[in-house]
Structure formats: structure tokens, C-alpha cells
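Hi there,

Here is the structure I promised to pass on to you. Have a look at it first, and then read my notes below.

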Amino acid sequence: MGRGKIEIKRIENATNRQVTYSKRRTGIMKKAEELTVLCDAQVSLLMFSTTNKLHEYISPSITQKEFYDKYQRSSGVNLWDSQYEKMQENLKKLKETNNRLRKEIRQRHGEDLEGLQLQQLCGLEQNMLKSAERIRHKKFHVLGTQTETCKKKIKSHLETHNSLLRGFEEGDTSCHYGFIPHGDDYDDDNGGSQVFAFRLQPTQPSLQDAEAAYGSYGLTLA
């Protein structure tokens, strides 16, 4: 048994309506492609669902713009006139806005003040005072931020400086060295040769080379 005819009217159920649209959309797309292949036709197909989702098909041998241009030549209808008029109207509004903003900028520089009434001049003055106050507030904020940053840097440098000083003082006091008499060779009364002992801390290995430096003066390391 064949299927019965479906009454062509709007499907009230939203789910059934979407399912039917999806199935028939696939079928009409397939028919458009078959027309393109079988009949060497140039087909353009545009569809919008109830959710305004676009589905389209265009024959591979032509672009959408070429198709619309060809349609205009064949039908004598200009598809772009209304769009061009809207663009011109929008451009006019943008030019008016641009001219108005340029005039306001010139007035804020003290220019193009001719024709302004007292109330307008007072309003312009108030706006400039408010702008100056906001600029001044921002300037002080930036200065305060930079000052705090400099203070933190100076504090950090001072802490580093003090730490280095403490480290230097601790290292200096931990190094004990001096000259002491060495046995009987020390003869202060007779002015004889004096031999000294140079005692070093083990934590100062770099000073062990002092033996070579003081060897010619009769010094020995203890």
C-alpha cells in the first residue's frame, strides 16, 4: 500500500516540523545537485530554517555573485539599489557624527566658539573643568604609584646593602692573624734577623699563599 497524501499545512508540533524540514531539505538539495549534473543547469538554492539557520547550494560552475548578476541582467531588477541607498544613508549619518565630534574637539581647544550662547559656553567650561579634574586625579594616582614603587626599590636596596655589610663584618672578625716570635730566632735587642709566624684560619685558604709573598722577608707560616 502506498502512502497517503499529506495535507500541506503548517506542522504545529515543533519537533515534527524540524524533522520534516531536515528531511525535505536534504531531498531538495539532492534534486538541485541532480539538475546541475543531468541538465548542465546553474542552480542556486537558499533556505532559512525557523531558527534562521542558513542552508544553501550553488552549482560548481558559477559563484553566488555571478548568479545574482546574471539574474539582474535577465530580469532587469537591480538587487543592489536598496542596499546602496541604505549604505549612502548610513554614510551620511556617520559624516554628520564625525563633523560634530570634530567641532567639539576644536571647541575644547578654544576654537570655533562663534555662535555659542552663554549657556553653551558655561556648559563647555564645566565639561573642561571636569575633564581637567579627572586628568589631575589620574596624574596624582600615577605619581603615587611610581613613588611607592621607588620606595620599595630603595628599601630593597638598603636591605641588600645592610646584609652585605653584616656579612662583611662577620667575615672580617672571623679571620684572626698576626705576627708572633718564632723560637730563638727572634732577637729584638741585638737587631738580628727576625722570623715571624703567620697564623691563618682554615676558612681563608686564599691567604695560604702569603708564605711565598713574605718568604723574602724571613716570614714563615705557622
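The largest share of the lining of the second largest pocket comes from H4, with 4 residues. A pocket is found on a 1 Å grid over the protein atoms alone: it is an open set of points where a 1.4 Å probe fits, with protein on both sides within 12 Å along at least five of seven lines, and its lining residues have an atom within 4 Å of a point.

Before going further, please note that this is a predicted model, in which local features need pLDDT of at least 70, side-chain atom pairs count only at pLDDT 80 or more, and totals for chains, interfaces and linings use all residues. Residues are numbered from 1 along each chain as its sequence is written, and side-chain values use heavy atoms, with hydrogens and water left out.

Back to the pocket. Helix H3 (81–108) and helix H4 (118–173) each give at least two residues to its lining. The lining residues are Glu104, Gln107, Arg108, Leu116, Gln120, Gly123, Leu124 and Asn127. Sorted by class, 2 are nonpolar, 4 polar and 2 charged. (Asp, Glu, Lys and Arg count as charged; Ala, Val, Leu, Ile, Met, Phe, Trp, Tyr, Cys and Pro as nonpolar; the others, Gly among them, as polar.) The space in this pocket is about 160 Å³, a volume being what is filled by probe spheres set on the grid points, which are joined across faces, edges and corners.

H3 itself has 28 residues and spans 41 Å from its first C-alpha to its last, close to the expected 40 Å; the expected span is 1.5 Å times one less than the number of residues. Just after H3, glycine 110 has a positive phi of about 80°. In the loop between H3 and H4, aspartate 112 also has a positive phi, near 55°, although this residue is not a glycine. Aspartate 112 counts as partly exposed because its relative accessibility is 29% (under 20% relative accessible area is buried, over 50% exposed and in between partly exposed, with a 1.4 Å probe and protein chains only).

Now for the strands. E1 (residues 44–48) and E2 (residues 54–58) pair in the antiparallel sense over 5 bridges; DSSP must find at least two bridges for two strands to pair. Leucine 46 is opposite glutamate 56 of E2. Asparagine 52 counts as exposed because its relative accessibility is 65%.

Glutamine 64, in helix H2 (residues 64–75), counts as buried because its relative accessibility is 18%. Leaving aside residues up to four places away in sequence, glutamine 64 touches Ser44, Leu46, Glu56, Tyr57 and Ile58 (a contact means heavy atoms within 4.5 Å).

Finally, the whole chain: it has 5 helices and 5 strands, in the order α-β-β-α-α-α-β-β-α-β from the N terminus. Of its 222 residues, 11% are buried.

Enjoy exploring!
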